[in-house]
Amino acid sequence: MKSTKILAVATLAAACGFAAPSAKADDLTLCWAAWDPANALVELSKDFEAKSGHKMSFEFVPWPNFADRMLNELNSGGQLCDLMIGDSQWIGGAAENGHYIKLNDFFDKEGITMDDFIPATVTGYSEWPKNTPNYWALPAFGDVVGWTYRKDWFSRPELRAEYKEKYGRELEPPKTLAELKDIAEFFQGREIDGTTVYGAAIYTERGSEGITMGVTNALYNYGFEYENPNKPYDLEGFVNSAGAVEGLEFYKALYDCCTPPGSSDWYMSEDIDAYKSGQVALQMNFAFIWPGVNADANVGGDKSGYFPNPAGPGGHFAQLGGQGISVVSYSDSQDAALEYIKWFAQPEIQAKWWELGGYSALRAVVEDPGFASSQPYAQTFLDSMAIVKDFWAEPAYADLLLAMQKRVHDYVIAGQGTAKEALDGLVQDWTETFEDEGKM
């Protein structure tokens, strides 16, 4: 049970646009991952504390441990978190297991409409079942896998001339995955300023979700589908289609040809470190890193550029990241938590969120005429959010994820079997999971 203190805040709350159902101030705890955007949210939330009288506390957990820690908290009915910024894949389980409160009535009462948010973030972060108007979260942090590149290296005349002679085109950000691999091969093992550099830092991590969040950026663009679009949970020929096999083979070829030594278990932080230390020409990573790259003393400013995940022969997509913010059903401060969501949804707060380094999903922010030029990476963020696709958000998502992590890592990194065998095995694994769930 969280402590509360009695304060005469009704007048202040009303003056600031907050409903004050009772004259008390609550201590609210917001739970999220430990990363740069969380620090920005702490700063942003000072405005809420000043206007509402509530006191904010934060529980931030490093990404490799975030899911285990917070899902255990939810599954046990724990009262640590009043507000949860949970991963997009959790929404199905959180809704069906009663971990989050449904927000439809609250949204209607407060005039908050999901039409005001980027459609992909509403589907990805808020809805369950998907593509139905049942909302369990407010889109909080738009994110997507994209790419960072050494713009200063790409601009060197001698490298541009050599690249054009070899490939017959200019050394520019790639439009296709094939072009990306060419660029990565071009830089692999090259000496720049007396240092040996490598082509690309990509996601290969086995323990949590890393390699899945990486390989999908190839799979989607070669034709991989999670299921038959016309028949839910029909997997055969979609998960393991001929195009999907080619996409998995592409990702392994990119890993084999063009990554730094010792990069067999890398995710967000390792890719950041490799890029900022000058080891690689290209970095795969979620868009949340771009403010930090832009401000970095070694690679920031004009030294770096940004581009969306390139297209493949079967489509043009990028892996959705990001999260929605939900009210935990076990909280004894739900009214105050809803006040926070109402405050956070305001356009002026969302604009400040972007300024501080958060990625707003509010259309009034991202569709503002000045948004695309507000940061060097803003246009790439817009372009990337227009092509997103997400992993399963089923209640059994953890089992689905573990199966994919193992199958893909065993093939791409450990070199076990063929791509076809890996995806055939994944169909078997997922079929068993859905049969256990009574969905097949």
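1. The protein chain splits into domain 1 (26–143 + 322–389) and domain 2 (145–319 + 396–436), with bounds that come from an automatic or database domain assignment. Taken over C-alpha atoms, the centres of the two domains lie 27 Å apart. Their contact (heavy atoms within 4.5 Å) draws on 23 residues from domain 1 and 22 residues from domain 2.

2. A word on the ground rules before going further. This is a predicted model, in which local features need pLDDT of at least 70 and side-chain atom pairs count only at pLDDT 80 or more, while totals for chains, interfaces and linings use all residues. Residues are numbered from 1 along each chain as its sequence is written, and side-chain values use heavy atoms, with hydrogens and water left out.

3. Helices (H or I, at least four residues) and strands (E, at least two) are DSSP runs, numbered from the N terminus. Do have a look at helix H11 (residues 242–258) beside helix H18 (residues 397–412): they pack at about 50 degrees with their axes 9 Å apart. Axes here are lines fitted to C-alpha atoms, for helices over the stretch in contact, and angles run from 0 to 180 degrees between N-to-C directions. H11 and H18 are therefore oblique to each other; angles under 35 degrees count as roughly parallel, over 145 as roughly antiparallel, 65 to 115 as roughly perpendicular and the rest as oblique.

4. The H11 and H18 crossing is right-handed, a term for a near helix turned clockwise from the far one by less than a right angle, with anticlockwise being left-handed. On the H11 side the contact is made by Leu248, Glu249, Tyr251, Lys252, Tyr255 and Asp256, and on the H18 side by Val408, Tyr411 and Val412. These divide into 6 nonpolar, no polar and 3 charged residues. The classes are nonpolar for Ala, Val, Leu, Ile, Met, Phe, Trp, Tyr, Cys and Pro, charged for Asp, Glu, Lys and Arg, and polar for the others, Gly among them.

5. H11 also packs with helix H19 (residues 419–436), at about 120 degrees and with axes 9 Å apart. That angle makes H11 oblique to H19, and the crossing is right-handed. Here Ala244, Val245, Leu248 and Glu249 of H11 meet Ala419, Lys420, Ala422 and Leu423 of H19, giving 6 nonpolar, no polar and 2 charged residues.

6. Gly146 sits in strand E5 (residues 138–150) and, at 0% relative accessibility, counts as buried (buried is under 20% relative accessible area, exposed over 50%, partly exposed in between; 1.4 Å probe, protein chains only). Not counting residues up to four places away in sequence, Gly146 touches Gln283, Met284, Asn285, Trp290, Phe307 and Asn309. With Trp290, 144 residues apart along the chain, the C-alpha separation is 9.6 Å.

7. Ser45 belongs to helix H2 (residues 36–52) and counts as buried at 1% relative accessibility. Leaving aside neighbours within four places in sequence, Ser45 is in contact with Met56, Phe58, Tyr340 and Trp343.

8. Tyr340 and Trp343 are among the buried residues, as are Ala336, Ala337, Leu338, Glu339, Ile341 and Phe344.
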